[in-house]
Amino acid sequence: MKKPLLSSIIGLSLIVAFFFLLKSCIIQNLSPEDCVIVNVKITKITEGSSFDIVLKDDGTDFYYINRGLEQGLNLDSLKRKVLNKTVTLHLAKVLGGITSEHISQLAIGDEIIFTEFDN
């Protein structure tokens with residue numbers, strides 16, 4: 001009788017742990033404190049999958065604005081503003097503080113080009 005109860009408790013515990021693991025990977029309701037700030041020179045801007053906008057730096061890193069095209073951003077306008085310039089990116093932290101490539105805010109100097117933060 002005790003083995004099925006123990007198995008049920010372990011199974012339920014694993015399901016709950018898996019749920020919290022998945023939830024920690026979802027990026028939502030961010031604040032600047034939830035991000036890592038980096039300054040990078042943007043050398044390429046392209047359309048990614050699912051209406052994302054992908055920015056490549058002068059090294060090997062890529063960053064993306066999730067569904068940026070759906071949010072009203074325009075590739076040509078972004079290219080004019082940020083291509084071959086150093087920008088400030090707020091990158092979301094996920095899963096225990098690991099930095100993602102998800103751009104929460106994009107700025108040049110004091111001009112905010114894109115932000116997910118509430119004003």
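**Figure 1. Surroundings of glutamine 71.** Apart from neighbours within four places in sequence, glutamine 71 is in contact with Asn66 and Phe114, where contact means heavy atoms within 4.5 Å. The model shown is predicted: local features need pLDDT of at least 70, side-chain atom pairs count only at pLDDT 80 or more, and totals for chains, interfaces and linings use all residues. Residues are numbered from 1 along each chain as its sequence is written, and side-chain values use heavy atoms, with hydrogens and water left out. Glutamine 71 lies in the loop between β3 and α2; helices (H or I, at least four residues) and strands (E, at least two) are DSSP runs, numbered from the N terminus. A polar atom of the side chain of glutamine 71 lies 2.6 Å from the backbone oxygen of asparagine 66. With 43% relative accessibility, glutamine 71 counts as partly exposed; buried means under 20% relative accessible area, exposed over 50%, and partly exposed in between (1.4 Å probe, protein chains only). Between the C-alpha atoms of glutamine 71 and aspartate 52, which are 19 residues apart along the chain, the separation is 9.6 Å.

**Figure 2. Overview of the protein.** The protein has 2 helices and 6 strands, arranged from the N terminus on as α-β-β-β-α-β-β-β. Of its 119 residues, 28% count as buried. Among the contacts with a separation of 6 or more, 49% are accounted for by residues 24 or more positions apart. The protein exposes about 7900 Å², of which carbon and sulfur atoms supply 57%; these areas come from the Shrake-Rupley method with a 1.4 Å probe, and for residues only the protein chains shown count as cover.

**Figure 3. The largest nonpolar core.** This core has 18 residues, a nonpolar core being a set of buried Ala, Val, Leu, Ile, Met, Phe, Trp, Tyr and Cys residues joined through side-chain atoms within 4.5 Å. The residues with the most contacts inside the core are Ile45, Ile53, Leu55, Ile65, Leu89, Ile103 and Leu106. At least two core residues come from each of β1 (35–47), β2 (53–57), β3 (62–65), α2 (75–82), β4 (86–94), β5 (98–108) and β6 (111–115). In soluble globular proteins, nonpolar side chains tend to be buried together. Leaving aside neighbours within four places in sequence, leucine 89 is in contact with Val36, Ile37, Val38, Val40, Tyr63, Ile103, Gln105 and Leu106.

**Figure 4. Leucine 106 in strand β5.** Leucine 106 has its place in strand β5 and is buried, with a relative accessible area of 0%. Not counting residues up to four places away in sequence, leucine 106 touches Leu55, Ile65, Leu78, Val87, Thr88, Leu89, Glu111, Ile112, Ile113 and Phe114. Its C-alpha atom is separated by 6.7 Å from that of histidine 90, 16 residues apart along the chain.

**Figure 5. Histidine 102 and glutamate 116.** Histidine 102 is also found in strand β5, and its relative accessible area of 4% makes this residue buried. The side chains of histidine 102 and glutamate 116 are joined by a polar contact of 2.9 Å. A polar contact is a pair of N or O atoms within 3.5 Å; within protein, one must be able to donate a hydrogen and the other to accept it, and residues adjacent in sequence count only if both atoms are side-chain atoms.

Figure 6. Aspartate 52, in the loop between β1 and β2, is buried yet has no salt bridge. A salt bridge is a side-chain nitrogen of Lys or Arg within 4 Å of a carboxyl oxygen of Asp or Glu. The nearest side chain of opposite charge to aspartate 52 is arginine 67, 5.8 Å away; Lys and Arg count as positive and Asp and Glu as negative, while His and the chain ends are not counted. The structure holds 1 salt bridge; arginine 67 forms a salt bridge with glutamate 70, with the closest N and O atoms 3.3 Å apart. Arginine 67, at 35% relative accessibility, counts as partly exposed, and glutamate 70 is partly exposed with a relative accessible area of 48%.
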